[in-house]
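Dear colleague,

I am passing on to you the structure below, together with some notes on what was found in it. Please look through it before reading on.

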Amino acid sequence: LKIERLASALSTLVDAAGTKAPDFVQIQTPSARRDVAARYNTRLIEAYTRVYAAVLNPSSGYDNPRASIRHGPDALSTVLGGLE
């Protein structure tokens, strides 16, 4: 992928995470709903972190990827409320 497209996709994910993340309202037990939401957030942050690290790896072939990628994993973690 071109770095511009990858950076755009990652940015869109972070921007949308707070507003388009599932709310799991169909799960009626509050503690179960919180657990599922926490696991969802954790997995999403882990996946984002893996992609981010792979892009920053010098062997990826991207020249200066930090200049193109607006948000690091911490931004997604902040939007989603962090890892529990």
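This is a predicted model: local features need pLDDT of at least 70, side-chain atom pairs count only at pLDDT 80 or more; totals for chains, interfaces and linings use all residues.

Residues are numbered from 1 along each chain as its sequence is written, and side-chain values use heavy atoms, with hydrogens and water left out.

The largest nonpolar core has 14 residues, with Leu10, Tyr48 and Leu76 among those that have the most contacts inside it; such a core is a set of buried Ala, Val, Leu, Ile, Met, Phe, Trp, Tyr and Cys residues joined through side-chain atoms within 4.5 Å. Buried means under 20% relative accessible area, exposed over 50%, and partly exposed in between (1.4 Å probe, protein chains only).

Leaving aside neighbours within four places in sequence, leucine 76 is in contact (heavy atoms within 4.5 Å) with Leu13, Val14, Ala17, Leu44, Ile45 and Tyr48. Tyrosine 48 is itself buried, at a relative accessible area of 3%.

A search of the whole structure finds 2 aromatic pairs, where rings of Phe, Tyr and Trp (its six-membered ring) pair if their centres lie within 6.5 Å, and planes under 30 degrees apart count as stacked, over 60 as edge-to-face and the rest as tilted. Phenylalanine 24 and tyrosine 40 form an edge-to-face pair, 5.8 Å centre to centre with 70° between the planes. Phenylalanine 24 counts as buried at 14% relative accessibility, whereas tyrosine 40, at 30%, counts as partly exposed. The rings of tyrosine 48 and tyrosine 52 are stacked, because their centres are 6.4 Å apart and their planes at 15°.

With kind regards
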